[in-house]
Amino acid sequence: MSGWDLLVQGKWFDAALYPYTSILGSEIFYTILLAAILGVIYIKTRSLEMVSAALILGGVVLIPLVRPDVRVYFFVGIAAGIAYALYALLWRR
Amino acid sequence: MRLIDIAVFLFIFEFVLNLLASNFASDLGFNRNEVIVANPGVDIEQETQAQWQQVQTIASAAILMGIVAAAFLSAVFGQYYLSLLLAAAGVVINFVPVLRQFVSALPMLLIALGLPPTVAWGFYIIYNFLLVLMLLLWLSGKGGY
């Protein structure tokens with residue numbers, strides 16, 4: 001299915017992402033997207049807590065979009081985000 | 001950063017990973033029964049049963065060794081260590097079925113990531129050894145630098 005077909009069907013988000021996902025593959029593209037989001041958030045806030053929150057939210061949003069055998073990486077990312085959030089909340093002074 | 005900070009993070013990470021894996025792994029498509037089969041052609045139930053039996057044997061041996069160590073420690077230091085370690089052994093014995101399921105999540109996830117089972121279990125053993133070592137260093141007052 002081409003990008004034009006997706007556009008005709010009204011899947012605007014998928015159609016807009018089609019040039020990237022068709023070349024890179026959805027997994028690599030979404031990984032780069034998540035890394036870019038985390039990088040920008042870290043540059044703007046300089047706070048690892050915000051990065052961990054973004055990691056949790058981004059992972060949860062992106063997990064349904066990737067192939068089942070790649071989900072485990074995003075899953076570990078979410079676990080790392082929750083772990084750092086708990087660590088910052090409970091332990092770090 | 002002190003060693004105990006790293007140990008606490010490792011502990012929280014393992015806890016969260018195990019909790020998420022035991023609750024959501026099957027929903028996300030990498031459930032344990034698929035992951036656990038390393039050798040195609042072998043019956044899933046049979047292999048799972050065999051692995052659990054092995055873990056149970058190891059756990060029983062560890063508990064026995066703990067009781068022997070407690071006896072030695074009590075001979076050297078007195079009754080305090082014996083009661084402490086027996087209490088710990090009692091807790092462990094009570095929670096063995098839960099612990100088995102809970103503790104195997106990290107190596108199972110590593111196997112799902114593509115590592116060979118031996119490497120995954122080796123990583124897991126080193127991970128927990130470092131965790132316990134750091135906690136012991138902290139308890140003994142040598143955790144900081």
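Trainee: Is B:Tyr127 buried or exposed?

Mentor: Good place to begin, and keep in mind that this is a predicted model. A residue counts as buried when its relative accessible area is under 20%. B:Tyr127 has a relative accessible area of 9%, so the answer is buried.

Trainee: Which helix of chain B holds B:Tyr127, and which residues is B:Tyr127 in contact with, leaving aside neighbours within four places in sequence?

Mentor: The helix that holds B:Tyr127 is α7 of chain B. With neighbours within four places set aside, the contacts of B:Tyr127 are B:Leu10, B:Phe13, B:Glu14 and B:Leu106.

Trainee: How far apart in space are B:Tyr127 and B:Phe11?

Mentor: In sequence, 116 residues separate B:Tyr127 from B:Phe11. In space, going from C-alpha to C-alpha, the separation is 9.6 Å.

Trainee: How are α1(B) and α6(B) oriented to each other?

Mentor: Two packed helices are described by the angle between their axes and the distance between those axes. Here the axes of α1 (residues 3-24) and α6 (residues 105-112) of chain B come within 9 Å and cross at roughly 75°. Angles of 65 to 115 degrees count as roughly perpendicular. The two helices α1(B) and α6(B) are therefore roughly perpendicular.

Trainee: Which residues meet there, and how do they divide into nonpolar, polar and charged?

Mentor: From α1(B) come B:Glu14, B:Leu17, B:Asn18 and B:Ala21, and they meet B:Ala105, B:Leu106 and B:Leu109 of α6(B). The residues of this contact divide into 5 nonpolar, 1 polar and 1 charged.

Trainee: Which element gives the largest share of the largest nonpolar core?

Mentor: That core has 39 residues, and those with the most contacts inside it are A:Tyr30, A:Phe74, A:Phe75 and B:Leu17. At least two residues each come from α3, α4 and α5 of chain A and from α1, α6 and α7 of chain B. The largest share, 10 residues, is supplied by α1(B).

Trainee: Which residues does A:Phe74 touch, not counting those up to four places away in sequence?

Mentor: A:Phe74 is one of the residues with the most contacts inside the core. Beyond four places in sequence, A:Phe74 touches A:Tyr30, A:Thr31, A:Leu34, A:Leu62, A:Ile63 and A:Val66.

Trainee: Stepping back, what percentage of the residues in chain B is buried?

Mentor: Chain B has 7 helices and 0 strands. Out of the 145 residues in chain B, the buried ones make up 28%.

How values were computed:
Residues are numbered from 1 along each chain as its sequence is written. Chains are lettered from A and ligands numbered from 1 in the order in which they are written. This is a predicted model: local features need pLDDT of at least 70, side-chain atom pairs count only at pLDDT 80 or more; totals for chains, interfaces and linings use all residues. Side-chain values use heavy atoms; hydrogens and water are left out. Axes are lines fitted to C-alpha atoms, for helices over the stretch in contact, and angles run from 0 to 180 degrees between N-to-C directions. Helices (H or I, at least four residues) and strands (E, at least two) are DSSP runs, numbered from the N terminus. Angles under 35 degrees count as roughly parallel, over 145 as roughly antiparallel, 65 to 115 as roughly perpendicular and the rest as oblique. Contact means heavy atoms within 4.5 Å. Ala, Val, Leu, Ile, Met, Phe, Trp, Tyr, Cys and Pro count as nonpolar, Asp, Glu, Lys and Arg as charged, and the others, Gly among them, as polar. A nonpolar core is a set of buried Ala, Val, Leu, Ile, Met, Phe, Trp, Tyr and Cys residues joined through side-chain atoms within 4.5 Å. Buried means under 20% relative accessible area, exposed over 50%, partly exposed in between (1.4 Å probe, protein chains only).
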